[in-house]
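User: I am new to this structure. Can you show me how to read its main features?

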Amino acid sequence: MRHWLCSVSIASSTLSKNIIMSAKYTLKIVTDFAAAHTLRDYPGACHRMHGHNWKVEAEVVATELNKVGMAIDFKEIKAATRTIASRLDHYYLNDLPPFLDINPTAENIAQYFYHELSKQLNSSTIRVSRLTLWETERACVSYSED
Ligand SMILES: [Zn+2]
């Protein structure tokens, strides 16, 4: 038993020397939009048309800073997220692609924002890491990809 503990200690010590630390900055902005939707095939009140004031939290991970000391200007993340939100704001989501074919659930809206934002912001040093969509003050979904 004593020998086993000793081996674990040596392995742990070796492992800690091999850890490579790299810089990572996570930036987050928050915006919102209002829209109506219905959930097809949903066995409850949400199959009737109703609306939400959705809150959108966009998180971006960066590995480097520019010479100003910024990973990316918050304004750039806000503008890109607002552009996507404006396509949905004050619309009936079921009338818009991609929600003509898939239900405009919080999960699918979060995935839509994540992919559209990734197209605009991802680069060699910046990546959209997480998109959180709040459907109410007490319920949200986060979407990310590994
Ligand atoms: Zn709803």
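User: Which residues have the most contacts inside the largest nonpolar core?

Analyst: Start with the kind of model: this one is predicted. Its largest nonpolar core holds 26 residues. Those with the most contacts inside this core are A58, I109, A110, F113, L117, L131 and L133.

User: Which elements give two or more residues to this core?

Analyst: Strand 1 (25–37), strand 2 (50–62) and strand 3 (126–136) do, along with helix 2 and helix 3. Helix 3 gives the largest share, seven residues.

User: What is L131 in contact with, leaving aside neighbours within four places in sequence?

Analyst: L131 is in contact with A58, A110, F113, Y114, L117, S142 and Y143.

User: How do the axes of helix 2 and helix 3 cross?

Analyst: Look at distance, then angle. The axes of helix 2 (residues 74–88) and helix 3 (residues 106–121) come within 10 Å and cross at roughly 135°. The two helices are therefore oblique to each other. The crossing of helix 2 past helix 3 is right-handed.

User: Which residues make the contact?

Analyst: Helix 2 uses I77, A80, T81 and I84. Helix 3 uses F113, E116, L117, Q120 and L121. By type, the residues of this contact are six nonpolar, two polar and one charged.

User: Is K75 buried or exposed?

Analyst: Count C-beta neighbours. K75, in helix 2, has 9 C-beta neighbours inside 10 Å, so K75 counts as exposed. Sequence distance is another thing to check. K75 and I29 are 46 residues apart in sequence, yet their C-alpha atoms are 9.0 Å apart in space.

Terms used. Residues are numbered from 1 along each chain as its sequence is written. This is a predicted model: local features need pLDDT of at least 70, side-chain atom pairs count only at pLDDT 80 or more; totals for chains, interfaces and linings use all residues. Axes are lines fitted to C-alpha atoms, for helices over the stretch in contact, and angles run from 0 to 180 degrees between N-to-C directions. Helices (H or I, at least four residues) and strands (E, at least two) are DSSP runs, numbered from the N terminus. Angles under 35 degrees count as roughly parallel, over 145 as roughly antiparallel, 65 to 115 as roughly perpendicular and the rest as oblique. A crossing is left-handed if the near helix is turned anticlockwise from the far one by less than a right angle, and right-handed if clockwise. Two residues are in contact if their C-beta atoms, placed from the backbone, lie within 7 Å. Ala, Val, Leu, Ile, Met, Phe, Trp, Tyr, Cys and Pro count as nonpolar, Asp, Glu, Lys and Arg as charged, and the others, Gly among them, as polar. A residue is buried if 20 or more other C-beta atoms lie within 10 Å of its own, exposed if 12 or fewer, and partly exposed in between; C-beta atoms are placed from the backbone. A nonpolar core is a set of buried Ala, Val, Leu, Ile, Met, Phe, Trp, Tyr and Cys residues joined through C-beta atoms within 7 Å.
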